[in-house]
Amino acid sequence: MQKSLLIKIIIIGAVMTFIYIALSMIHSTIDERVHFREEAVRSIATDSVGDQRIMGPVLVLQFTDRYEEEEVDVLTKKAAIKEKAITKKHFVFPNQLEVKSNIDIDQRYRGIHKVLVYSGQHLIQGDFSLPTLSDLPHEKPNSRLQIDVANMAMNLSDTRGLRNFPKLEWDGDSFEFEQGSQLRGSPSGLHAKVKLPSLKANQTVTFSLPMVIDGMERLQFVPIAKNNQISITSKWPHPQFGGRFLPAPSQRKIDANGFSALWNISSLSSKAQQQFLASEEGVVQRNQNGDVSPSSENIESFHVAFIEPVNIYSQADRAIKYAMLFIVLTFAAFFLFEVLKRLPIHPVQYTLVGLSLAIFFLLLLSLSEHMRFSIAYIISASACIALIGFYLKHVLLSWKRGFGFATGLCVLYSVLYGLLQSENNALLMGSILLFAVLAAMMTVTRKLDWYKLGISDVKE
């Protein structure tokens, strides 16, 4: 009768609500595991080295501007010529900057959590177009300028990653670096005092700097020069490019043997120099989202992230988003079975099967932390399908019916795996699945008279 059918539908809805609560708890567990993994990353970064940002080199000229100025004494009202001196800084950016990097990847563990670390061999070379003394900013036309010190400054976000004592080859001479970049906006790094030729005429000076730098998960560069050419090669086949600049498709190659990428960036397409100068002046800038951030961290850059091909937590998170669809489809199949075969299924049996489907996602998460995701998926799905098939053999009073439902679940789990492996086509595949299920349900029930529907005794 219609009343009993309505009550059954309400009870099934209540069971689905209960299952949804259980799924929410499993989703919270996934979030907790993601948090534990982030804690492991922070722990390794605290104990060793974090991701790295390389900016520079930049030539910093500290000079004294001496000039004479006429001043009027307030008391005597007499004018007198006084000499003044102001210490200033002038920043010279590389004209050409070429960076060649070769990156080796390794793994570190905190408990069961794996973190990718890298060791990079970098050859940084290029040239500077030196200004003349008259090109430096001065207060008066008759100013007398004197260079006090010239520093080659390099910003490195985490100097613990340095694995060699880098020496700067500058204009035919060799100079050693010291701690600290001597930059106001980006103090972490290195600096080397260099000798300048006479600044009476414009000159070009070449430099070369080999460095070995360790880091974790991500390597970042700031295109600070007039013309920047950065090339990166690695045997790791799973890079992720990001930031303000991406390598052109024709200048990157990714295959099973690793990747190579080349960036060509000019100062005409980057605001890095202006942002650097603003950071040295202590100007607080706003990022693209409108949030105020320290200017040294807001300088345009690009990066390469070294990622795992399968992030088990993102995969598990995506999988559980389809959990309610699984349960709705299974319960719909049960309900149609009751309607067409007049074989009633108790709400407790609905609940147990729903919980079995929910447990799959918990099994998938826990197993994938110890083995490959694909293997964990096969084991979890096989266990749940076998359990549900065995249970439904007795609930539906036939091994053929139990086997039929188990076969249907195999199809559903296969489709879900396809959705997880094809992120770009997930919406298309999900839409086709829903349409196919709806079409099948409408086809099966097309001749069913719902007004005359009643629940009869069990038919064996």
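Good morning. A residue is called buried when its relative accessible area is under 20%, exposed when over 50%, and partly exposed in between, using a 1.4 Å probe and protein chains only. The model before you is predicted, so local features need pLDDT of at least 70 and side-chain atom pairs count only at pLDDT 80 or more, while totals for chains, interfaces and linings use all residues. Residues are numbered from 1 along each chain as its sequence is written, and side-chain values use heavy atoms, leaving out hydrogens and water.

I begin with the cysteines. Cys384 has 4% relative accessibility and therefore counts as buried. Cys410, at 38%, counts as partly exposed. The structure holds 0 disulfides.

Next, the interior. A nonpolar core is a set of buried Ala, Val, Leu, Ile, Met, Phe, Trp, Tyr and Cys residues joined through side-chain atoms within 4.5 Å. The largest one has 60 residues, and those touching the most other members include Leu59, Trp170 and Trp263. Strand β1, residues 52–72, supplies the largest share, 7 residues; strands here are DSSP runs (E, at least two residues), and helices likewise (H or I, at least four), numbered from the N terminus. A second, separate core of 50 residues includes Phe335 and Leu364.

Finally, consider Met25. Where is Met25 found? Met25 belongs to helix α1, which spans residues 2–47. With 57% relative accessibility, Met25 counts as exposed.

Terms used: Disulfide = S-S within 2.5 Å.
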